[in-house]
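Trainee: Please take one part of this model and look at it closely with me. I would like to see how its pieces connect, and then how that part sits in the whole chain.

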Amino acid sequence: QKEQLFALKGKPDVTRDGKMVAVCANIGGPADLPAVLENDACGIGLFRSEFLYLNRETYPAEEEQFAAYREVLQAMAPKKVVVRTCDLGADKTAAYMHLAAEPNPALGRRAVRLCLTNRTLFQTQLRALLRASVFGNLAVMFPLITSVRELRACREVLQECRTELEQQGIRTGQVEVGIMVETPAAVLCAEELAQECDFFSIGTNDLLQYTCALDRQNPNLEPFFDPHHPAVLREIQMTVEAGHRHGCRVSICGELGADLSLTQTFLRMGVDAFSVNPECVLAVRGAARGCDACQRTQ
Ligand code: PEP
Ligand code: MG
């Protein structure tokens, strides 16, 4: 089994009927790079940057973040690395952040909500990312976006950081900008959001939680979890269609992306890329190579 999978190393991520898809890896930091390279991922589709902030005593400084992003970009170059800005909140935090406890952390001041109300936190990370961007192929992704207004606000801070760096004589590279589609609001506004970013990455873990009103942290709810819930599958279809109408590539980076029983369905929907745990990359590649992206006409 393992040998069969390793035989897929070096093979292209292409469906039986010739559509190129990208099977990328999810990581939490540079320590995951060996697994990514070992499994021959097509790039990093989700770098969960919040892990750089956890299990420590102070905020990671710009310099430290810069070093981590540069290391990942250089190791992967010329392949793409999608870094998600820190998805922190009352349930993903460390004592030094002094975040107030919240009754509903999943619905609280988290992800871009935290970044947009703590400019220093956001600017430090964006400066580090922009500085690192010259060392590889970087894309920046904003988590938990629910509206065009939030996306614009995030883009504005990114632009401010770029201008400031340029004024300081520091070079920055081209950076694609995308969003996580992980709330029903983002799905319903996908048409408008697609016009203002380069790519979508569907976070099926949170999309399921927010669509079905099921706390993903609560083990007692397990009997009610249906990862194949038709509402979520329909949301994925809607997101792909809206994205494609405006030239946005659409990827799946939640757990569902590694569900091989859905690979054919996703490809038929038009999904362009997957980002999965490094250990799942070759299995998804194998599945995609056995699938058709287009509906057979006869
Ligand atoms: C998701 O929500 O599906 C996702 C990929 O992000 P995370 O699991 O880190 O919330
Ligand atoms: Mg999420």
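Mentor: Let's start at Ala 213, which lies in the loop between α9 and α10; helices here are DSSP runs of H or I with at least four residues, strands are runs of E with at least two, and both are numbered from the N terminus. Please keep in mind that this is a predicted model, in which local features need pLDDT of at least 70 and side-chain atom pairs count only at pLDDT 80 or more, while totals for chains, interfaces and linings use all residues. Residues are numbered from 1 along each chain as its sequence is written, with chains lettered from A and ligands numbered from 1 in the order in which they are written.

Ala 213 follows α9 and has a positive phi of about 55 degrees, although it is not a glycine. With 8 C-beta neighbours inside 10 Å, Ala 213 counts as exposed. The cut-offs are 20 or more other C-beta atoms within 10 Å for buried, 12 or fewer for exposed and anything in between for partly exposed, with C-beta atoms placed from the backbone.

Now step back into the helix. The buried residues of α9 are Thr 204, Asp 206, Leu 207, Leu 208, Gln 209 and Tyr 210. They pack against α7, β6 (199-202), α10 (230-245) and β7 (249-252). Asn 205 also belongs to α9, which covers residues 204-212, but Asn 205 is partly exposed, with 15 other C-beta atoms within 10 Å. Beyond its neighbours within four places in sequence, Asn 205 is in contact with Arg 216, Gly 254 and Glu 255; contact means that the two C-beta atoms, placed from the backbone, lie within 7 Å.

This helix leads us to the ligand. Around ligand 1 are Leu 46, Arg 48, Asp 87, Glu 182, Gly 203, Thr 204, Asn 205, Asp 206, Cys 253 and Gly 254, where a residue counts as near if its C-beta atom, placed from the backbone, lies within 6 Å. α9 gives the largest share of this shell, 3 residues, and β2 and α9 each supply at least two. By type, the shell divides into 2 nonpolar, 4 polar and 4 charged residues; Ala, Val, Leu, Ile, Met, Phe, Trp, Tyr, Cys and Pro count as nonpolar, Asp, Glu, Lys and Arg as charged, and the others, Gly among them, as polar.

An unreviewed entry annotates Glu 182 and Asp 206 as "binding site". These two span 25 residues in sequence, yet no two of their C-alpha atoms are more than 5.4 Å apart, so they gather at one spot. UniProt positions follow the numbering used here, feature names are shortened, and annotations may be inferred rather than shown by experiment.

Glu 182 sits in the loop between β5 (176-181) and α7 (184-188) and counts as buried, with 28 C-beta neighbours inside 10 Å. Setting aside neighbours within four places in sequence, Glu 182 contacts Leu 144, Gly 203, Asp 206 and Leu 207. Asp 206, in helix α9, is buried with 21 other C-beta atoms within 10 Å.

Under "binding site", the unreviewed UniProt entry also lists Arg 48, Arg 84, Asn 205, Asp 206 and Arg 216. Arg 48 is in strand β2 (residues 44-48) and is partly exposed, with 19 other C-beta atoms within 10 Å. Apart from neighbours within four places in sequence, the contacts of Arg 48 are Asn 26, Gly 28, Arg 84 and Asp 87.

Finally, the wider setting. The chain has 12 helices and 8 strands, and buried residues make up 43% of its 298 residues. Among contacts between residues at least 6 apart in sequence, 70% join residues at least 24 apart. The C-alpha atoms fill a box of roughly 60 × 40 × 35 Å along the principal axes.
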